[in-house]
Amino acid sequence: MRLLKILLGPYLLAVTLAAFLWPKPARGFIGESSRIVFFHVPCAWTATLAFIVAALASIVHLKRRDDTSDEAAAAAVRLGFLFSALATVSGSIFAQVMWGSYWNWDPRETSILLLLFLYAAYLFLRAAVPDPERRGVFCAVYALFSAFVMPFLLFVAPRVTESLHPQTIINKQGKILMDVPTKTVFFTALFGFTALFFWMWSVDYRIERMKRRNATL
Amino acid sequence: MTALGYVAAANGVIWIGIWLYLLRLDSRLTSREKERS
């Protein structure tokens with residue numbers, strides 16, 4: 001496991017350098033703006049994955065009522081929120097380059113903002129309930145509710161109306177519209193971000209576990 | 001080096017910083033956990 005963590009460094013470094021230096025910019029985009037796909041989409045994917053992990057950990061918590069699953073769910077939500085925020089900021093920079101404004105109230109921009117609010121409420125809920133047992137149950141139920149809302153915000157709402165957003169990976173044609181270098185860098189970035197998430201997640205909940213043990217001593 | 005090369009290098013340096021920080025945090029956590037067990 002330690003070796004994988006060490007290898008992730010050069011792996012994502014190579015992905016970063018390749019993202020800028022290997023594929024040519026996509027047609028129909030201003031300047032080099034299409035390169036955002038190597039960062040923005042993996043961030044959005046990692047956020048989705050984190051919220052799914054949070055929902056699974058919440059189910060486990062509702063069954064077992066143990067601290068570990070509660071901490072694992074909270075850590076996943078924190079990271080999901082972080083990666084959603086990164087996807088929002090990177091998307092906003094892209095919007096400024098392509099559409100001349102950082103924020104356009106595009107359906108996709110609006111839906112990710114609502115997603116951020118949805119999970120910010122989870123973090124507020126955690127901070128608001130002092131009793132660990134009640135907090136665990138409340139947060140688990142809320143994380144499950146949010147997991148039902150999340151696919152609607154990410155996959156349904158942005159497709160209901162016309163959007164400025166470029167074609168997504170899941171599109172009407174059912175094809176990945178990328179050339180080979182773009183596809184290669186994109187999927188290696190996606191894999192690297194997934195590995196990075198699981199590493200960050202384990203570090204986060206181990207810190208929380210240690211804090212709890214210190215508090216109970 | 002081109003402008004894009006500099007941007008790539010800057011992003012690479014940022015990532016290496018994050019990675020080294022995570023590695024350090026991870027190994028400190030592991031040694032604390034070992035101390036406790």
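The expected span of a helix is taken as 1.5 Å times one less than its number of residues, helices being DSSP runs of H or I with at least four residues, numbered from the N terminus. The model is predicted, so that local features require pLDDT of at least 70 and side-chain atom pairs count only at pLDDT 80 or more, whereas totals for chains, interfaces and linings use all residues. Residues are numbered from 1 along each chain as its sequence is written, and chains are lettered from A and ligands numbered from 1 in the order in which they are written.

Helix α1 of chain A (residues 2-21) has 20 residues and should therefore span 28 Å, in agreement with the 29 Å between its end C-alpha atoms. Buried residues (20 or more other C-beta atoms within 10 Å of their own, with C-beta atoms placed from the backbone) in α1(A) are L12(A), V15(A), T16(A), A19(A) and F20(A). Their cover includes α2 (37-64) and α6 (180-216) of chain A, together with α1 (3-36) of chain B.

Contacts are defined by C-beta atoms, placed from the backbone, within 7 Å. By this criterion, 16 residues of chain A touch 15 residues of chain B. On the chain A side, α1 and α6 are the elements giving two or more residues, and α1(A) gives the most, with nine.

Leaving aside neighbours within four places in sequence, A54(A) contacts A73(A), A76(A), V77(A), G80(A) and A143(A).

Notes
A residue is buried if 20 or more other C-beta atoms lie within 10 Å of its own, exposed if 12 or fewer, and partly exposed in between; C-beta atoms are placed from the backbone. Two residues are in contact if their C-beta atoms, placed from the backbone, lie within 7 Å.
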